Amino acid sequence: MLEIAIRRKSYPDRGGQPHLALSGLALNAAPGEFVCVVGPSGCGKSTLLNVVGGLDRDVDGRVSLGGAAPEHGIGFMFQEPRLMPWLTVLDNVLLVAGQSDAAQRRARDLLGAMGLGEVMDAFPGRLSGGMQRRVALARAFVIEPKLLLMDEPFVSLDVPTANRLRAMLVELWQRCRCTVLFVTHDLREALSLADRVCFLSAAPGRVVLEYPLALPRPRMPDDATVQALQASLLAQHPELLAGLATAGTGSDGSADD
Ligand SMILES: Nc1ncnc2c1ncn2[C@@H]1O[C@H](COP(=O)(O)OP(=O)(O)OP(=O)(O)O)[C@@H](O)[C@H]1O
């Protein structure tokens, strides 16, 4: 079980006064659950992931995974692929997994399964944006994470590429059954991926609504069922949805990979 209880998380503002980013935020996730966190820009979504992942420890609150502070077994994926340009695709993935035979096997298998077998020895600069995100996705899964933290990982991709990556993510997650915390401001993306959607208030962020989903998978943001669900949520909770993207999930057009 992932348990998050953040009393206060603040940053110093320009005058040195505390600026509250999160306040009274409580959120739990069951092992293997896929939780999407949505909320308007600036409500503290990235801050939440940084605190949960231990990248930011300056917080009044507690995060525990299986009863202990999460330290190992956390996979990350950010808005940018954050690949090392001087390392090959394979070495970028191995960077987090080590060089053991088992890690090499896992990395090669993953990259092969994700259609990147031909470019394992290429450098990231040669790859399209969609392929770079696939490498970042492989890097997140190669450690066989217990917890996967994703910060708008498919933002600013064209629709077909983003949908392909979402399908790959769900397939990998269904195999490893790690707990996922996926941050987005795109409601349809959240409704297409999650077991449960948690809505954060405007800053300082706290959970104001939890919405469990029982729709079968696979689902995509443009599915009629997802659109209908979004419409019913909008009708029931118009105040919560201010500041969220509800119309689309990226630029239309052809895939870039
Ligand atoms: N390093 C920092 N120093 C000072 N203030 C910060 C810092 N990081 C975030 N903040 C502030 O904390 C609040 C929450 O920021 P955060 O980036 O977590 O929000 P977000 O919901 O992820 O936003 P977005 O959707 O725009 O990415 C904002 O007011 C932001 O300006």
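Here is a short chat about how the labels on this predicted model follow from their cut-offs.

User: What makes a feature count in this model, and how are residues numbered?

Analyst: The model is predicted, so local features need pLDDT of at least 70, side-chain atom pairs count only at pLDDT 80 or more, and totals for chains, interfaces and linings use all residues. Residues are numbered from 1 along each chain as its sequence is written.

User: Why is asparagine 92 called buried?

Analyst: A residue is buried if 20 or more other C-beta atoms lie within 10 Å of its own, exposed if 12 or fewer, and partly exposed in between, with C-beta atoms placed from the backbone. Asparagine 92 has 26 other C-beta atoms within 10 Å, so it is buried. Asparagine 92 sits in helix α2.

User: What does asparagine 92 touch, leaving out residues up to four places away in sequence?

Analyst: Leu83, Met84, Leu87, Pro124, Val135 and Arg139. Contact here takes C-beta atoms, placed from the backbone, within 7 Å. As for arginine 134, asparagine 92 is 42 residues from it in sequence and 12 Å from it in space, C-alpha to C-alpha.

User: What makes a stretch a helix, and how do you know that the length of α4 fits one?

Analyst: Helices are DSSP runs (H or I, at least four residues), strands are E runs of at least two, and both are numbered from the N terminus. The expected span is 1.5 Å times one less than the number of residues. For α5, with 18 residues, the reach is 26 Å from first C-alpha to last, close to the 26 Å expected. Just after α5, arginine 177 takes a positive phi of about 55°.

User: What makes α4 "mostly covered"?

Analyst: Eleven of its 13 residues pass the buried cut-off. Among them are Met131, Arg134, Leu137 and Phe141. The buried residues of α4 pack against β5 (74-77), α2 (89-97), α3 (101-113), β6 and α5.

User: Which residues of α5 are buried, and what covers them?

Analyst: Thr161, Ala162, Asn163, Leu165, Arg166 and Leu169 are buried. Their cover includes α4 and α6 (187-193).

User: How do you know where the two domains are, and how far apart are their centres?

Analyst: The bounds come from an automatic or database domain assignment. That assignment gives domain 1 (1-73 + 146-246) and domain 2 (78-144). Their C-alpha centres lie 24 Å apart. By the contact rule, 14 residues of domain 1 are in contact with twelve residues of domain 2. On the domain 1 side, β6 (147-151) and α5 (159-176) are the elements that give two or more residues. With six residues, α5 gives the most.

User: How does that side of domain 1 divide by residue class?

Analyst: Into ten nonpolar, two polar and two charged. Ala, Val, Leu, Ile, Met, Phe, Trp, Tyr, Cys and Pro count as nonpolar, Asp, Glu, Lys and Arg as charged, and the others, Gly among them, as polar.

User: What makes a residue part of the shell around the ligand, and which come nearest?

Analyst: Of the 13 residues around the ligand, Tyr11, Ser41, Lys45, Ser46 and Thr47 come nearest. The largest share, three residues, comes from α1. By class the shell has four nonpolar, eight polar and one charged residues.

Technical notes
Two residues are in contact if their C-beta atoms, placed from the backbone, lie within 7 Å. A residue is near a molecule or strand if its C-beta atom, placed from the backbone, lies within 6 Å of it.
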